[in-house]
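Let's walk through this structure together, one stop at a time. Have the viewer open and follow along.

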Amino acid sequence: MKTKLPFMMSLFAIASFVMLVLPLFLKNYGVYLMSYWLIFVLATIGLNLILGYAGLKSLGHAAFMGIAAYIVAMMMKTGIDFWVAAPIAVIACFAIGWIIGYPALRVQMHYLAFATIGFNEVVALIFRNEEHYTGGTFGINNIARPSLFGYSLAGNLEFYYFILFIVVTVGLLTYFLVRSPWGKAFTALRDNQIRAESVGVNIQRYTLLAFATGSAIAGVAGCLLAPLVQYIEPTQFNSQTSILLYLMVVLGGSGYFWGPILGGIIGVLFPEWLRFAEGWYMLFFGLIVILLMVKLPNGLLSLPEIINQRKAAKEKAAAQAR
Amino acid sequence: MNIRKLIGAVALAVAATGVSAQQTVKLASLVELSGAGTTAGTTFRNGVDLAVKEINAGKGILGRKIDMTTLDTQSNPGIAKGLTQKVIDQDVFAIFGPVFSGSIMVSMSESQRAEVPNFTGGEAAAITKQGNPYVFRTSFTQADAIPKVVKYINNTIKAKTVAVIYQNNDFGKGGRDVFMKAIEGTSTKVVADISTEQAQVDFSSAVLKAKQSNADAVFIYVTEEESARALKEFKKQGFNKPLIGETTLTGQKVIDLAGDAANGAIAHVGLTADAPNANIRAYKAKFQKEYGFVPDHNAIKGYTGVYVLKAAIEKVGKFDRKEVAKAMHGIKILAKDQPGVLLDIAFDDKGDLDRESYFVQVKNGKQEVIQTFQPAFTSKK
């Protein structure tokens, strides 16, 4: 990876140019779609931390987006400012994530997946049934977009840049987190728990920490989703959304830092690009997902590694033949 | 649609963009073609498409053909919002759908901002309560339909007491609440209020409770399959007083499932392909020929919606969104002038509609109309 730094830098430069300049040439829908994609990238960054780095199979990630979105929406409806509501929502997600982390200590692999699906369903049921607070199946409508230092973010383009700023900030924080001793502990946990413990990683604390941090990031995504769509309802945060997020992490490359961005492209932008196929587009989408799963089980970002391995194997074979 | 047709459609779409936009009027339907709302969304879309096809085969609207775009919201409000912006970016004249109330809540604020008329399929009362001048309904709301059932129970059957069986979800609970409110001021008393679950199989205890309440009639408000199960159980327990519902109780699917047990059940139906009306019968035949199944109320909603828009545009005489939306409020469209609306129809100042509806009773495995409810606007005339 060391030799690839200039390559990564130029890629980064191109990416930031696209993200900053492209929306200026798009109409409302394009800007909205890019905002929507970024929010899912953000949620996926959180799940990547839980699933990709700490190896915890969580299928309840959308619940945390929902919890934050509802907290922000309900507080804003009572007249509380977004800038007060959002931090509270994120902290709440961190706390709930910490609590949910406890069962994660007891159950592993698919048992954890089932437990988190259950958690997600419970949360969705609360959104649906506590009609007095959450509006039930009719949801909460007309959620205002915030303003920053008196500057309104109500416009699609303004709000897009705001989301971009948050995503880049959270992305950078995560980048440093996974390279810090914490991040190393996460991956150690994923790769071999017993060995990790033998070198002094406190499994319990790091499992909880990974879960809570990932959940808090999902919370940030939820805080942005509510004012973006300006409407929330329970089905937006059901276990199907969690499965989509999981799919995005796996397809992008779980445990790869850039995985969420690619995963988000596949999960959110792909179906839109495939719309020319009319009634067939979801079928195409499904086929592409299956193809990717079969050909690249470790995600898109494992492609360079596979190519390198093949090249190395070929060279080795050639060397042996000589 | 097969691959060749698909390629054809793509080629056609490409070609269409080349043709000058002057000759067409762009419309869009944003409907649930995948996800939870697939059934409702697809039939609504079929209805819309059939109307567009007919209009394009004829003279179009004021001489212009319709250029229709159909997009799938995946039953997701977040996507519905984006798609509404997309079609508004493409400068459509009007939007049809979505059908699900949640998605309508977001799409209609976008269409209001852009001042684009929006014909929705949802039944929730909240949609038109917000005073959005660009949203128009294609169906009755529960708040319109259920008071007619109450009137029927109180006036026609003259029941002194009634038992209520409802389904505990947004559909059933919503209907029950309207029923309770409407019956409050009448001489009929509710003697049992029985909750059931969606997908409930065993109705024996619910039916027993209704029986023991000794009510003169039972109001049943559950979805189709549950209706069939309830009717079967009532027959099994030998109940012989009137069983009354709204739309779902006497649907064709219920009759098929319940068989004999459905006989005698009475329901108010707003839109039914079985209505005693030549226009609707003809529509049913056309639809069945085109798509191979009997149109339900959603298919009628989509179909009539397009013709309502046509009538409004023709009334204004030009393609002006604001003027058309204004003209829609208080409009009366007679089926003899605009056969596509199927029934005489009127819209009030909120965008809610009014038209004829029926009471039907199942006799020998078929719906028979036993009473016709005249719309308020004709009786006022």
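**A tour from one tyrosine to chain B**

Setting aside residues within four places in sequence, A:Y53 is in contact with A:N48, A:V178, A:F186, A:T187, A:R190, A:G255, A:Y256 and A:F257, where contact means heavy atoms within 4.5 Å. Before going further, please note that this is a predicted model, in which local features need pLDDT of at least 70, side-chain atom pairs count only at pLDDT 80 or more, and totals for chains, interfaces and linings use all residues. Residues are numbered from 1 along each chain as its sequence is written, chains are lettered from A and ligands numbered from 1 in the order in which they are written, and side-chain values use heavy atoms, with hydrogens and water left out.

Back to our tyrosine: A:Y53 sits in helix α2 (residues 28-53) of chain A; helices (H or I, at least four residues) and strands (E, at least two) are DSSP runs, numbered from the N terminus. A:Y53 is buried, with a relative accessible area of 8%. Here buried means under 20% relative accessible area, exposed over 50%, and partly exposed in between (1.4 Å probe, protein chains only). For a sense of distance, A:Y53 and A:I140 are 87 residues apart in sequence and 35 Å apart in space, C-alpha to C-alpha.

Now turn to chain B and find B:T161, in strand β6 (residues 161-167) of chain B. B:T161 is buried too, with a relative accessible area of 19%. Leaving out residues up to four places away in sequence, its contacts are B:T188, B:K189, B:V191, B:N214, B:A215, B:D216 and B:A217.

Let's step back to see chain B as a whole. Chain B has 14 helices and 15 strands. Its radius of gyration, taken over C-alpha atoms, is 22 Å, close to the 21 Å that the globule rule (2.2 Å times the number of residues to the power 0.38) gives for 381 residues, so chain B is as compact as a globular protein of that length. Buried residues make up 54% of the 381 residues in chain B. Of the contacts in chain B with a separation of 6 or more, 64% come from residues 24 or more positions apart.

How confident is the predictor in chain B? The average pLDDT, the predictor's confidence in each residue from 0 to 100, is 86 for chain B, and 92% of the residues score at least 70. Within chain B, confidence is lowest in helix α1 (residues 3-18), at a mean of 54, and highest in strand β8 (residues 217-221), at 94. For the complex, the predictor gives an ipTM of 0.77 and a pTM of 0.78.
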